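Good morning, and thank you for coming.

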Number of protein chains: 2
Amino acid sequence: MSKRFRYCIIGAGAAGLAALKTLRDLGIAAECFEKAAKPGGHWHHDYDALHLITPKNSSFFDDFPMPADYPLYPSRQQVCDYIQSYVDAFQLHEHIHYHSAIEQIVPQGEQGEGGWQVWVNGEARHFDGVLVANGHLWDPALPPQAADFQGISLHSAAYRNTRQIKGKVLVVGFGNSGCDLAVDAAQQRFDTTIVMRRGQVFQPKALFGMPRAELPFINELPAELQNSLMQVLIMASLGNWKNYPGMPQPDSFNLDEQPPVVNNLLLYWIQHGRIAIKPAITAIENKTVTFSDGSQQQYDTILWATGFHTRLPFLADELLEWQLGVPLRTAGMTLPTRLENLWFVGLAAPRGAQWPVYCAQTRLIARMIELKQQGMRNLAGLFARQQVAETRIDIVRRIWQLNMDETHRTLDMLTSLSRDDYQPVVAHSY
Amino acid sequence: MSKRFRYCIIGAGAAGLAALKTLRDLGIAAECFEKAAKPGGHWHHDYDALHLITPKNSSFFDDFPMPADYPLYPSRQQVCDYIQSYVDAFQLHEHIHYHSAIEQIVPQGEQGEGGWQVWVNGEARHFDGVLVANGHLWDPALPPQAADFQGISLHSAAYRNTRQIKGKVLVVGFGNSGCDLAVDAAQQRFDTTIVMRRGQVFQPKALFGMPRAELPFINELPAELQNSLMQVLIMASLGNWKNYPGMPQPDSFNLDEQPPVVNNLLLYWIQHGRIAIKPAITAIENKTVTFSDGSQQQYDTILWATGFHTRLPFLADELLEWQLGVPLRTAGMTLPTRLENLWFVGLAAPRGAQWPVYCAQTRLIARMIELKQQGMRNLAGLFARQQVAETRIDIVRRIWQLNMDETHRTLDMLTSLSRDDYQPVVAHSY
């Protein structure tokens, strides 16, 4: 090949590392830029109580199982060590620039058909394409009320452990982080309340002593029956909202129609009186919180487990189509709808283990890279016309997998396309 | 009634208090002697992490439900407060002597047919009968190896919280206390190992979000089907020993054939790598523990959750028939096999809520008291011939209940017995 193509990967978290290793294995030259001093991303500064939600048996980078002596659900520190050993095992370090926050990426040609100019450490470099793996769990989303609270106020992103908190604790949000934070506070004997402004079917981490992903007899059922059986098993294991005083009724019992929140301990401590439930916050004044049922209570600490904004600070927002705060994507959630030679790795959370997703996305991207190198133009536009672009990040895994499969078939077709297949007729005016 | 009968109750723990209230409600004069300064027994000095294992909906003294704002599984402190409020509500204080350890009780007549001489605070008093409610969870049973350990060594009876421990922690014993202690240490981020020298089917605290006792559709099944369904539900919820690395296979999956150990969290933290399992201890030297698989490990702390001896320090052991360290009893486990006018309240743990057991036992005892007052002799001997005496303390509740029912029927019969029913024939020699 006369021209030497080079690709830029933004971020050396799990997604960026998976992208780097996968591209290089396929012979595609790539460099990774990481703003921090080491690889691993958010795992280094997540809260101490964090364990992997998905089991180690399915949660690993391609070609790199977790150590045999790891528990089924490794701790945050074990995950950090695992990621570090991945970098070491495949000698990824030499392809990563640390302390290198990407300042700006600029499309060459209106949509990046000519590649991308990448600004880092005050210098511009040219890349034939960019893989964006900067994460979507770093820019805290806080409700406006948060500014009114005069006690200790921490977003989950800043929370490490109970040494940061004191007194009566209110946790706002009941996603996976909110549950973990409430449980952490309760287990350290803080008077703990969690805000639940709607119901939720909480899923146990294991059924039959095994993680969901390891229950093959369930996974082989038709989707509808999978859901029904899961509902029954969850009910047998954890009951329903009525068993937990103060819990609102879920809008749906269909697991596909609500975020997946996997937590046994929240429910356990609610039944032991160590975590109370309150409805939505309507106002905060000084340290007094007013709830939608009219009740008021003083708190010393509020932990905001209220999620994150998706942000791409290095890319002009108007270059992407945004919906509900997320750029629209096709092709397994990797491809923006109107930019060329730019892909996302990891701006997708198909339910279940995440690291295999990053590897699979990168293999898909590698096929698109090959097509682009062979001269295919307007790939983003083609897929935007073929597929319904996704605004979600959380997605039922089998839905995402169907889209991955369809995308691979489309790429098969595009790859086999020759000039003979398509002879544009020049339009004449009569 | 010409003679005024008086009864002595030993201990003002939950069992003694239930006995005092129940006897007095039935018009039977009773006084309670308590060695401590307040009522409530072991609940005052149990470990901080203790919650009631059985739910508040079934766990209460007759006529005295737990407060409506209590959680399903109240904490140790809430139980203490509940017991105190029971004493206050029924004005039991005036019938309790505090700081009054019973020194000795001496049968009047060889077996106590003439009542009992009770020595307390250096003085002897006569009572027509004694109800022994001194508890069976206060005299720590330690294996001989315990003396060899040079680190921090605490029996569960002396354990309060993790401020007492440090470093690498080994918990010996996997009954309810052993599980609680291991979980407490693990949740406070101690490196924790539990010794399991045999397997165990751990039961979840709740199924369908409800305590076992509140699953009426299960309780209405025949006993054998109850067990089968429970096994299936436990398996669906928690799996089996294979799902927990290092756990030995249980000798049986029949819940009736093993101690009831109710704990979700031990299994949870094992799967998260926060509690490890080791087999039986074969030797201890200084801080090094050798296990039956040949492995050795240093520990800084050993917590011995190795149970308790049953002791009646105020009663000459030879007056009772002992087997496996427990006095033999009939009649709902209240009646020793060869002593009259002496009963046990609470030396029995029919699976499920305990406080109703104490009340039911006392109502049964009250019937025997009435018979004794009417002149019935050798009641203990009669029951010892009619029933197989129990050596157990832990007993499947329906087995205990069957024995209670049978005992009530026998008492019906004995109560209706008149001189006309039985005319002894004097034996002649020809």
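In chain B, helix 8 spans residues 379-386, and Leu379(B), Ala380(B), Gly381(B) and Phe383(B) in it are buried. Buried means under 20% relative accessible area, with exposed over 50% and partly exposed in between, for a 1.4 Å probe and protein chains only. Helices (H or I, at least four residues) and strands (E, at least two) are DSSP runs, numbered from the N terminus. The buried residues of helix 8 of chain B pack against strand 20 (329-330), strand 21 (335-336), helix 7 (355-373) and helix 9 (397-416) of chain B.

Please note that this is a predicted model, in which local features need pLDDT of at least 70 and side-chain atom pairs count only at pLDDT 80 or more, while totals for chains, interfaces and linings use all residues. Residues are numbered from 1 along each chain as its sequence is written, chains are lettered from A and ligands numbered from 1 in the order in which they are written, and side-chain values use heavy atoms, with hydrogens and water left out.

In chain A, helix 9 (residues 397-416) contains Thr407(A). Is Thr407(A) buried or exposed? Thr407(A) counts as buried because its relative accessibility is 0%. Beyond neighbours within four places in sequence, Thr407(A) is in contact (heavy atoms within 4.5 Å) with Ala331(A), Gly332(A), Leu364(A), Phe383(A) and Gln387(A).

I now come to the interface. Chain B and chain A each bring 31 residues to the contact. About 2600 Å² is buried between them, and carbon and sulfur atoms give 53% of that area; the figure is the accessible area (1.4 Å probe) that two parts lose on being put together, summed over both. On the side of chain B, Phe208(B), Gln271(B) and His272(B) lose the most area to chain A, together 22% of what that side buries.

How many residue pairs are in polar contact across this interface? The rule finds 16, with both residues at pLDDT 80 or more. A polar contact is a pair of N or O atoms within 3.5 Å; within protein, one must be able to donate a hydrogen and the other to accept it, and residues adjacent in sequence count only if both atoms are side-chain atoms. Helix 5 (223-238) and helix 6 (265-271) of chain B are the elements that give two or more residues to the side touching chain A. The largest share, five residues, comes from helix 5 of chain B.

Finally, 100% of the interface residues of chain B are also interface residues in chain A, so the copies meet through the same surface.
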